[in-house]
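The following note sets out points for a colleague who is about to examine this model. Please read them with the structure in view.

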Amino acid sequence: MRALARRLVTIVPTLIGVVIVTFLLTRVLPGDPAAYFAGPTADQASIEQIRTALGLDRPLPVQFAAYVKDLATGNLGNALSTGQPVLSELATRLPASAELTLCALILSMAVAIPLGILAAVREGSFVDHACRVVTTAGVSLPVFFTGLLFVYVFYYLLGWAPAPVGRLDVYLSEPPRITGFLTLDSLLAGDLEVFRAALAQLALPAATLALFSLAPIARMTRASMLSVLSSEFVRTARAAGLKPRTVVLTYAFRNAMLPVVTTLGMVFSFLLGANVLVEKVFAWPGIGSFAIEALIQSDYAPVQGFVLAMALLYVALNLAIDLIYGLIDPRVRLDA
(Lines give C-alpha, C1' and ligand atoms only; values in the text may rest on other atoms or scores of the structure.)
Protein backbone atom coordinates (compact mmCIF):
# COMPACT_ATOMS: atom_id res chain seq x y z
CA MET A 1 0.00 0.00 0.00
CA ARG A 2 2.93 2.34 0.63
CA ALA A 3 4.12 1.81 -2.94
CA LEU A 4 0.60 2.56 -4.18
CA ALA A 5 0.55 5.77 -2.14
CA ARG A 6 3.94 6.76 -3.59
CA ARG A 7 2.65 6.22 -7.12
CA LEU A 8 -0.40 8.35 -6.38
CA VAL A 9 1.86 11.11 -5.08
CA THR A 10 3.91 11.07 -8.28
CA ILE A 11 0.71 11.71 -10.24
CA VAL A 12 0.38 15.20 -8.76
CA PRO A 13 3.41 16.77 -10.54
CA THR A 14 2.28 15.19 -13.80
CA LEU A 15 -1.18 16.73 -13.55
CA ILE A 16 0.26 20.11 -12.54
CA GLY A 17 2.49 20.04 -15.62
CA VAL A 18 -0.46 19.11 -17.84
CA VAL A 19 -2.52 22.01 -16.47
CA ILE A 20 0.27 24.55 -17.03
CA VAL A 21 1.26 23.37 -20.50
CA THR A 22 -2.34 23.10 -21.69
CA PHE A 23 -3.17 26.58 -20.45
CA LEU A 24 -0.14 28.11 -22.18
CA LEU A 25 -0.66 26.22 -25.45
CA THR A 26 -4.28 27.28 -25.78
CA ARG A 27 -3.23 30.90 -25.33
CA VAL A 28 -0.62 30.80 -28.12
CA LEU A 29 -2.86 29.07 -30.65
CA PRO A 30 -3.94 31.25 -33.61
CA GLY A 31 -7.41 32.70 -33.46
CA ASP A 32 -9.35 35.03 -31.20
CA PRO A 33 -12.36 33.61 -29.33
CA ALA A 34 -13.84 37.07 -28.90
CA ALA A 35 -13.63 37.83 -32.63
CA TYR A 36 -15.04 34.42 -33.52
CA PHE A 37 -18.09 34.69 -31.30
CA ALA A 38 -18.66 38.36 -32.12
CA GLY A 39 -19.16 37.39 -35.75
CA PRO A 40 -17.60 38.61 -39.01
CA THR A 41 -19.64 41.83 -39.06
CA ALA A 42 -18.82 42.94 -35.49
CA ASP A 43 -16.86 46.12 -34.94
CA GLN A 44 -13.79 46.42 -32.73
CA ALA A 45 -15.76 47.84 -29.80
CA SER A 46 -18.04 44.78 -29.72
CA ILE A 47 -15.06 42.43 -29.90
CA GLU A 48 -13.35 44.22 -27.02
CA GLN A 49 -16.56 44.06 -24.99
CA ILE A 50 -16.76 40.28 -25.47
CA ARG A 51 -13.05 39.90 -24.67
CA THR A 52 -13.58 41.77 -21.42
CA ALA A 53 -16.60 39.64 -20.55
CA LEU A 54 -14.56 36.47 -21.13
CA GLY A 55 -11.66 37.78 -19.06
CA LEU A 56 -9.25 37.54 -21.99
CA ASP A 57 -8.07 41.13 -21.53
CA ARG A 58 -6.42 40.30 -18.20
CA PRO A 59 -2.73 39.33 -17.86
CA LEU A 60 -1.91 35.64 -18.30
CA PRO A 61 -0.93 35.09 -14.64
CA VAL A 62 -4.30 36.47 -13.55
CA GLN A 63 -6.11 34.25 -16.06
CA PHE A 64 -4.13 31.23 -14.90
CA ALA A 65 -4.87 31.94 -11.23
CA ALA A 66 -8.58 32.14 -12.02
CA TYR A 67 -8.36 28.89 -14.00
CA VAL A 68 -6.62 27.05 -11.15
CA LYS A 69 -9.17 28.40 -8.66
CA ASP A 70 -12.00 27.06 -10.81
CA LEU A 71 -10.24 23.68 -11.14
CA ALA A 72 -9.94 23.44 -7.37
CA THR A 73 -13.73 23.69 -7.11
CA GLY A 74 -14.34 21.21 -9.95
CA ASN A 75 -15.32 23.91 -12.41
CA LEU A 76 -13.84 23.39 -15.89
CA GLY A 77 -15.62 26.42 -17.28
CA ASN A 78 -18.36 26.71 -19.87
CA ALA A 79 -18.19 25.75 -23.53
CA LEU A 80 -18.91 28.93 -25.46
CA SER A 81 -20.06 26.94 -28.48
CA THR A 82 -22.81 25.09 -26.58
CA GLY A 83 -23.32 27.26 -23.51
CA GLN A 84 -23.07 24.19 -21.26
CA PRO A 85 -20.53 23.43 -18.52
CA VAL A 86 -17.50 21.61 -19.91
CA LEU A 87 -17.69 18.98 -17.16
CA SER A 88 -21.27 18.18 -18.15
CA GLU A 89 -20.35 17.97 -21.84
CA LEU A 90 -17.43 15.64 -21.12
CA ALA A 91 -19.54 13.41 -18.88
CA THR A 92 -22.20 13.18 -21.58
CA ARG A 93 -19.79 12.45 -24.44
CA LEU A 94 -17.21 10.28 -22.67
CA PRO A 95 -19.27 7.04 -22.83
CA ALA A 96 -19.43 7.35 -26.63
CA SER A 97 -15.63 7.60 -26.87
CA ALA A 98 -15.12 4.88 -24.26
CA GLU A 99 -17.47 2.47 -26.05
CA LEU A 100 -15.68 3.02 -29.36
CA THR A 101 -12.20 2.69 -27.85
CA LEU A 102 -12.97 -0.42 -25.79
CA CYS A 103 -14.69 -2.18 -28.68
CA ALA A 104 -11.74 -1.41 -30.94
CA LEU A 105 -9.27 -2.67 -28.35
CA ILE A 106 -11.23 -5.89 -27.76
CA LEU A 107 -11.52 -6.48 -31.51
CA SER A 108 -7.81 -5.89 -32.09
CA MET A 109 -6.88 -8.19 -29.18
CA ALA A 110 -9.14 -10.93 -30.51
CA VAL A 111 -7.25 -10.84 -33.81
CA ALA A 112 -3.73 -9.72 -32.86
CA ILE A 113 -2.96 -12.03 -29.94
CA PRO A 114 -3.90 -15.33 -31.69
CA LEU A 115 -2.19 -14.05 -34.84
CA GLY A 116 0.99 -13.22 -32.92
CA ILE A 117 0.97 -16.63 -31.17
CA LEU A 118 0.51 -18.52 -34.45
CA ALA A 119 3.21 -16.44 -36.14
CA ALA A 120 5.65 -17.30 -33.37
CA VAL A 121 4.77 -21.00 -33.25
CA ARG A 122 4.96 -21.30 -37.05
CA GLU A 123 7.86 -18.98 -37.69
CA GLY A 124 8.57 -18.49 -41.40
CA SER A 125 5.20 -19.93 -42.46
CA PHE A 126 2.37 -18.28 -44.39
CA VAL A 127 0.78 -17.20 -41.11
CA ASP A 128 4.01 -15.47 -40.08
CA HIS A 129 4.22 -13.59 -43.38
CA ALA A 130 0.53 -12.66 -43.15
CA CYS A 131 1.16 -11.27 -39.66
CA ARG A 132 3.95 -9.08 -41.01
CA VAL A 133 1.76 -7.78 -43.84
CA VAL A 134 -1.13 -6.95 -41.51
CA THR A 135 1.09 -5.23 -38.95
CA THR A 136 2.85 -3.22 -41.65
CA ALA A 137 -0.49 -2.08 -43.06
CA GLY A 138 -1.75 -1.15 -39.61
CA VAL A 139 1.32 0.97 -38.90
CA SER A 140 1.50 2.59 -42.35
CA LEU A 141 -2.13 3.59 -42.93
CA PRO A 142 -3.33 6.72 -41.09
CA VAL A 143 -6.58 6.18 -39.22
CA PHE A 144 -8.46 8.91 -41.08
CA PHE A 145 -7.48 7.35 -44.43
CA THR A 146 -8.53 3.89 -43.26
CA GLY A 147 -11.83 5.28 -42.02
CA LEU A 148 -12.57 7.08 -45.29
CA LEU A 149 -11.59 3.95 -47.24
CA PHE A 150 -13.93 1.78 -45.15
CA VAL A 151 -16.77 4.27 -45.67
CA TYR A 152 -16.18 4.34 -49.42
CA VAL A 153 -16.02 0.55 -49.78
CA PHE A 154 -18.54 -0.76 -47.26
CA TYR A 155 -21.08 2.08 -47.32
CA TYR A 156 -20.81 3.70 -50.76
CA LEU A 157 -19.80 0.76 -52.99
CA LEU A 158 -21.18 -2.33 -51.26
CA GLY A 159 -23.95 -0.82 -49.13
CA TRP A 160 -23.21 -3.19 -46.25
CA ALA A 161 -22.71 -0.53 -43.60
CA PRO A 162 -25.08 2.24 -42.51
CA ALA A 163 -24.36 5.90 -43.19
CA PRO A 164 -21.60 7.32 -40.94
CA VAL A 165 -23.93 9.67 -39.07
CA GLY A 166 -23.06 8.95 -35.46
CA ARG A 167 -24.00 6.32 -32.91
CA LEU A 168 -27.57 5.65 -34.00
CA ASP A 169 -29.83 6.11 -36.98
CA VAL A 170 -31.90 9.30 -36.82
CA TYR A 171 -35.14 7.31 -37.04
CA LEU A 172 -34.43 5.38 -33.84
CA SER A 173 -34.64 6.59 -30.26
CA GLU A 174 -31.91 5.99 -27.71
CA PRO A 175 -32.69 3.59 -24.85
CA PRO A 176 -32.83 4.84 -21.25
CA ARG A 177 -29.33 5.96 -20.27
CA ILE A 178 -27.81 3.58 -17.72
CA THR A 179 -24.15 3.09 -18.67
CA GLY A 180 -23.96 5.48 -21.62
CA PHE A 181 -22.93 2.56 -23.86
CA LEU A 182 -25.71 2.25 -26.45
CA THR A 183 -25.07 -1.43 -27.06
CA LEU A 184 -25.29 -2.29 -23.35
CA ASP A 185 -28.18 0.07 -22.61
CA SER A 186 -30.23 -1.33 -25.50
CA LEU A 187 -29.64 -4.88 -24.26
CA LEU A 188 -30.57 -3.90 -20.71
CA ALA A 189 -33.76 -2.32 -22.10
CA GLY A 190 -34.48 -5.42 -24.19
CA ASP A 191 -34.54 -3.38 -27.42
CA LEU A 192 -32.85 -5.65 -29.95
CA GLU A 193 -33.62 -3.35 -32.88
CA VAL A 194 -31.67 -0.50 -31.30
CA PHE A 195 -28.92 -2.93 -30.31
CA ARG A 196 -28.47 -4.14 -33.89
CA ALA A 197 -28.54 -0.57 -35.20
CA ALA A 198 -26.00 0.65 -32.61
CA LEU A 199 -23.74 -2.32 -33.34
CA ALA A 200 -23.93 -1.63 -37.07
CA GLN A 201 -22.96 2.02 -36.54
CA LEU A 202 -20.11 0.94 -34.27
CA ALA A 203 -18.64 -1.64 -36.66
CA LEU A 204 -16.73 0.58 -39.11
CA PRO A 205 -15.20 3.08 -36.65
CA ALA A 206 -14.24 0.23 -34.30
CA ALA A 207 -12.66 -1.69 -37.19
CA THR A 208 -10.75 1.43 -38.20
CA LEU A 209 -9.26 1.84 -34.74
CA ALA A 210 -8.72 -1.92 -34.39
CA LEU A 211 -6.58 -2.04 -37.53
CA PHE A 212 -4.52 0.84 -36.17
CA SER A 213 -3.97 -0.88 -32.80
CA LEU A 214 -3.60 -4.40 -34.15
CA ALA A 215 -0.06 -3.91 -35.43
CA PRO A 216 1.82 -3.21 -32.16
CA ILE A 217 -0.10 -5.88 -30.24
CA ALA A 218 0.56 -8.59 -32.84
CA ARG A 219 4.23 -7.64 -33.21
CA MET A 220 4.85 -7.61 -29.46
CA THR A 221 2.98 -10.91 -28.98
CA ARG A 222 5.05 -12.55 -31.71
CA ALA A 223 8.38 -11.20 -30.41
CA SER A 224 7.61 -12.08 -26.79
CA MET A 225 6.42 -15.58 -27.70
CA LEU A 226 9.55 -16.24 -29.81
CA SER A 227 11.71 -15.26 -26.85
CA VAL A 228 9.84 -17.49 -24.41
CA LEU A 229 9.56 -20.46 -26.78
CA SER A 230 13.35 -20.60 -27.01
CA SER A 231 13.79 -20.63 -23.23
CA GLU A 232 14.97 -23.57 -21.18
CA PHE A 233 11.75 -24.28 -19.26
CA VAL A 234 9.74 -24.55 -22.49
CA ARG A 235 12.21 -27.08 -23.89
CA THR A 236 11.95 -28.99 -20.60
CA ALA A 237 8.14 -28.99 -20.82
CA ARG A 238 8.31 -30.33 -24.36
CA ALA A 239 10.82 -33.00 -23.36
CA ALA A 240 8.46 -34.08 -20.56
CA GLY A 241 5.90 -35.01 -23.21
CA LEU A 242 3.34 -32.29 -22.59
CA LYS A 243 0.92 -31.50 -25.36
CA PRO A 244 2.02 -28.68 -27.69
CA ARG A 245 -1.18 -26.75 -26.90
CA THR A 246 -0.44 -26.95 -23.16
CA VAL A 247 3.15 -25.85 -23.66
CA VAL A 248 2.20 -22.86 -25.82
CA LEU A 249 -0.82 -21.57 -23.90
CA THR A 250 -0.10 -22.58 -20.31
CA TYR A 251 3.65 -22.17 -20.10
CA ALA A 252 4.82 -19.94 -22.94
CA PHE A 253 2.00 -17.43 -23.30
CA ARG A 254 1.61 -16.82 -19.57
CA ASN A 255 5.28 -15.85 -19.33
CA ALA A 256 5.03 -13.75 -22.48
CA MET A 257 2.07 -11.71 -21.20
CA LEU A 258 3.94 -8.95 -19.35
CA PRO A 259 5.32 -7.22 -22.46
CA VAL A 260 1.93 -7.68 -24.13
CA VAL A 261 0.14 -6.02 -21.22
CA THR A 262 2.57 -3.12 -21.40
CA THR A 263 1.81 -2.79 -25.11
CA LEU A 264 -1.93 -2.90 -24.43
CA GLY A 265 -1.58 0.06 -22.09
CA MET A 266 0.38 2.03 -24.68
CA VAL A 267 -2.07 1.10 -27.44
CA PHE A 268 -5.03 2.21 -25.34
CA SER A 269 -3.42 5.61 -24.87
CA PHE A 270 -2.74 5.80 -28.62
CA LEU A 271 -6.39 4.97 -29.30
CA LEU A 272 -7.52 7.85 -27.11
CA GLY A 273 -5.59 10.18 -29.41
CA ALA A 274 -6.60 8.45 -32.64
CA ASN A 275 -10.23 8.68 -31.52
CA VAL A 276 -10.19 12.37 -32.38
CA LEU A 277 -9.73 11.72 -36.11
CA VAL A 278 -12.03 8.70 -36.28
CA GLU A 279 -14.84 10.53 -34.51
CA LYS A 280 -14.69 13.32 -37.07
CA VAL A 281 -14.76 10.88 -39.99
CA PHE A 282 -17.78 8.99 -38.65
CA ALA A 283 -19.56 11.96 -37.00
CA TRP A 284 -19.19 10.17 -33.68
CA PRO A 285 -20.38 12.40 -30.80
CA GLY A 286 -17.49 11.75 -28.45
CA ILE A 287 -15.11 13.97 -26.54
CA GLY A 288 -12.62 13.94 -29.40
CA SER A 289 -14.98 15.58 -31.89
CA PHE A 290 -16.08 17.96 -29.11
CA ALA A 291 -12.46 19.05 -28.58
CA ILE A 292 -11.83 19.49 -32.32
CA GLU A 293 -14.92 21.68 -32.74
CA ALA A 294 -13.84 23.76 -29.74
CA LEU A 295 -10.33 24.08 -31.14
CA ILE A 296 -11.63 25.34 -34.48
CA GLN A 297 -13.69 27.95 -32.65
CA SER A 298 -10.78 28.94 -30.36
CA ASP A 299 -12.86 27.88 -27.37
CA TYR A 300 -10.28 27.39 -24.61
CA ALA A 301 -12.26 25.71 -21.84
CA PRO A 302 -13.33 22.53 -23.72
CA VAL A 303 -9.81 21.99 -25.07
CA GLN A 304 -8.29 22.35 -21.59
CA GLY A 305 -10.94 20.04 -20.14
CA PHE A 306 -10.34 17.45 -22.86
CA VAL A 307 -6.57 17.38 -22.33
CA LEU A 308 -7.00 17.15 -18.56
CA ALA A 309 -9.49 14.28 -18.92
CA MET A 310 -7.09 12.42 -21.24
CA ALA A 311 -4.25 12.92 -18.77
CA LEU A 312 -6.34 11.51 -15.93
CA LEU A 313 -7.34 8.50 -18.03
CA TYR A 314 -3.73 7.89 -19.02
CA VAL A 315 -2.51 8.07 -15.41
CA ALA A 316 -5.30 5.76 -14.22
CA LEU A 317 -4.43 3.34 -17.02
CA ASN A 318 -0.77 3.18 -16.00
CA LEU A 319 -1.79 2.53 -12.40
CA ALA A 320 -4.12 -0.27 -13.52
CA ILE A 321 -1.27 -1.84 -15.53
CA ASP A 322 0.91 -1.86 -12.41
CA LEU A 323 -1.85 -3.68 -10.54
CA ILE A 324 -2.28 -6.21 -13.34
CA TYR A 325 1.45 -6.91 -13.30
CA GLY A 326 1.16 -8.19 -9.75
CA LEU A 327 -1.66 -10.55 -10.75
CA ILE A 328 0.19 -11.95 -13.76
CA ASP A 329 3.64 -12.34 -12.22
CA PRO A 330 3.96 -12.95 -8.44
CA ARG A 331 7.50 -11.54 -8.63
CA VAL A 332 6.08 -8.12 -9.53
CA ARG A 333 4.24 -6.83 -6.49
CA LEU A 334 2.88 -3.38 -5.94
CA ASP A 335 3.96 -3.39 -2.29
CA ALA A 336 7.50 -4.54 -3.05
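1. Burial is stated here by relative accessible area: buried means under 20%, exposed over 50%, and partly exposed in between, with a 1.4 Å probe and protein chains only. Arg51 has a relative accessibility of 15% and therefore counts as buried. The model is a predicted one, in which local features need pLDDT of at least 70 and side-chain atom pairs count only at pLDDT 80 or more, while totals for chains, interfaces and linings use all residues. Residues are numbered from 1 along each chain as its sequence is written, and side-chain values use heavy atoms, with hydrogens and water left out.

2. Arg51 belongs to helix α3 (residues 44-54); helices are DSSP runs (H or I, at least four residues), numbered from the N terminus. Leaving aside residues up to four places away in sequence, Arg51 touches Asp32, Ala34, Gln44, Leu56 and Asp57, where contact means heavy atoms within 4.5 Å. Between Arg51 and Ala38 there are 9.5 Å from C-alpha to C-alpha, at a sequence separation of 13 residues.

3. Which residues have the most contacts inside the largest nonpolar core? They are Leu100, Leu105, Leu209, Ile217 and Met225, in a core of 61 residues. Helix α5 (residues 86-121) gives the most to this core, with twelve residues. Apart from this core lies another, of five residues, including Leu182, Val194, Ala197 and Ala198. A nonpolar core is a set of buried Ala, Val, Leu, Ile, Met, Phe, Trp, Tyr and Cys residues joined through side-chain atoms within 4.5 Å. In soluble globular proteins, nonpolar side chains tend to be buried together.

4. Leu209 touches Leu100, Ala104, Leu271, Ala274, Asn275 and Val278, residues up to four places away in sequence not being counted. The axes of α5 and helix α9 (residues 192-229) come within 6 Å and cross at roughly 35°; such axes are lines fitted to C-alpha atoms, for helices over the stretch in contact, with angles from 0 to 180 degrees between N-to-C directions. The contact of α5 with α9 comprises 25 nonpolar, four polar and two charged residues. For these classes, Ala, Val, Leu, Ile, Met, Phe, Trp, Tyr, Cys and Pro count as nonpolar, Asp, Glu, Lys and Arg as charged, and the others, Gly among them, as polar.

5. Rings of Phe, Tyr and Trp (its six-membered ring) pair if their centres lie within 6.5 Å; planes under 30 degrees apart count as stacked, over 60 as edge-to-face and the rest as tilted. The count by this rule is five aromatic pairs. Tyr152 and Tyr156 are stacked, because their ring centres are 5.5 Å apart and their planes at 20°. Both lie in helix α7 (residues 143-157), four residues apart, about one turn of the helix. Tyr152 is partly exposed at 45%, whereas Tyr156 is exposed at 60%. Phe154 and Trp160 form a tilted pair, with centres 6.2 Å apart and planes at 40°. One aromatic cluster is formed by Phe23, Phe64 and Tyr67.

6. Is Asp299 buried or exposed? Asp299 has a relative accessibility of 2%, so this residue counts as buried. Asp299 lies in the loop between α13 (287-296) and α14 (300-328). Residues up to four places away in sequence aside, Asp299 touches Asn78, Ala79, Leu80, Ser81 and Ala294.

Terms used:
Helix = DSSP H or I, 4+ residues; strand = E, 2+ residues; numbered from the N terminus.
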